[in-house]
Amino acid sequence: MRATKTYVIPFMTLFLISSCKTEPFKKEEIKSISIDSLTQEMEILTIKNDSLLLEGNELKVSPIKEEIDDAIQMTGYLEHRRFRKETNNFTIDFCYPFLEESTNPKFKIFNQYIQNDILKIKEVEKDILESQEIYCDSLSNAIKNEHRVIDYKVFIQNEKDLSVLFYLENHYANTKSSYYTFKTVNFNIKQGKLLTFEDVFDAENIDEVLDILNIEISTSIRKGDLFYECFTVSKEDFKNAKNDFIIKNNSITYYFNDCVMCPSFVGTYEIEIPLERFIPILRKDIIDNFRI
């Protein structure tokens, strides 16, 4: 059993308004759109910071940000889009993929899911404004500048199974650091079908999937591949994160938020396991599809 989660929050540079998917696209290949009248040119704010813990935070998330994805292979039907809104109170900067529906009408299922279940822009804006009301101080005119940033990586396997990893960088008012969360989308572009945990694994085997994950985590800790203070994933946490996986390189990679698998700013957010390890609990059509 792991200890109660404790979040350590060091000072952080306000660079959160990121460049959003500058790689692997070339600048002229990016088709950005403005869907809000407040969209402005990006500004990068840099504040000097001497916190050693920030280095650990950046080291933890940098492998995800720096990984080369498969976007360049999908330029025929994958369009990069961006929503940016900046006010005195907050900045929303969301980058996301859009599948060209003229290429395949079934892509509409994917695009609607991204808008309604991943981005949820109206809901995010409402939550920010409501949370800021809690910190209202009539004696202070300070601007509460919160940032919500989303960027993504996209992978494709067998030229038909598309996986998207969204990493969300949240900088909350009255805090000095960002908090990372992750969401994923798995989509069969041939069938036009979204894939969930139950589409990949036999539904009744959730405990077996968790056991395999925790064995891999424990082994990595013993081998020194993971920080020694990392911990196995609880059943409750896994139920909340069971759909947060992608399929790439004949492996399944799970992503966990801070303090689920490793302490905040230490260790890793991801654990990758070969598909063949899951053969006994994979659905038959998945086994056939990936020719395991």
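This report describes the sheet, the disulfide and the aromatic contacts of a predicted model.

## Basis of the description

Residues are numbered from 1 along each chain as its sequence is written, and side-chain values use heavy atoms, with hydrogens and water left out. Because the model is predicted, local features need pLDDT of at least 70 and side-chain atom pairs count only at pLDDT 80 or more, while totals for chains, interfaces and linings use all residues.

Helices (H or I, at least four residues) and strands (E, at least two) are DSSP runs, numbered from the N terminus. Two strands pair if DSSP finds at least two bridges between them.

## The sheet and its helix

Six strands form an open sheet with mixed pairing, in the order E1-E2-E3-E4-E5-E6. The edges are held by strand E1 (78-86) and strand E6 (193-195); each has a single partner strand, so one side of each is left without a neighbour in the sheet. From one strand to the next, the twist averages 20°. E1 and strand E2 (residues 90-99) run antiparallel and are joined by 9 bridges. Phe83 stands opposite Phe94 in E2.

Helix H2 (residues 107-119) lies across E2, strand E3 (146-157), strand E4 (161-171), strand E5 (178-188) and E6; contact here means heavy atoms within 4.5 Å. The helix runs at about 165° to E2. Axes for such angles are lines fitted to C-alpha atoms, for helices over the stretch in contact, and the angles run from 0 to 180 degrees between N-to-C directions.

## The disulfide

A disulfide is a covalent bond between the sulfur atoms of two cysteines; the criterion applied is a pair of cysteine sulfur atoms within 2.5 Å. The structure holds 1 disulfide, formed by Cys230 and Cys262 with their sulfur atoms 2.1 Å apart. This link of Cys230 and Cys262 is right-handed, with 105° about the S-S bond. Cys230 lies in the loop between helix H5 (206-223) and helix H6 (235-241), and Cys262 in the loop between strand E8 (251-255) and strand E9 (270-274), so the pair ties together parts that are 32 residues apart in sequence.

Burial is judged by relative accessible area (buried under 20%, exposed over 50%, partly exposed in between; 1.4 Å probe, protein chains only). Cys230 is buried at 8%, and Cys262 is buried at 1%. Cys259 is also buried, at 2%, but its sulfur is 9.4 Å from the closest cysteine sulfur, in Cys262, which is too far for a bond.

## Aromatic pairs and charges over rings

Rings of Phe, Tyr and Trp (its six-membered ring) pair if their centres lie within 6.5 Å; planes under 30 degrees apart count as stacked, over 60 as edge-to-face and the rest as tilted. The whole structure contains 15 aromatic pairs. Among them, Tyr180 and Tyr269 form a tilted pair, 6.0 Å centre to centre with 55° between the planes. This pair links distant parts of the chain, with Tyr180 in strand E5 and Tyr269 in the loop between E8 and E9, 89 residues apart. Tyr180 is buried at 0% relative accessibility, and Tyr269 is buried at 0%. Phe245 and Tyr254 also form a tilted pair, 5.5 Å centre to centre with 45° between the planes. One aromatic cluster comprises Phe197, Phe201, Phe238, Phe245, Tyr254, Phe256 and Phe278.

A charge sits over a ring if NZ of Lys or CZ of Arg is within 6 Å of the ring centre and within 35 degrees of the ring normal. Arg81 lies over the face of Phe98, at 3.7 Å from the ring centre. The charged end of Lys248 sits over the ring of Phe155, 4.6 Å from its centre.
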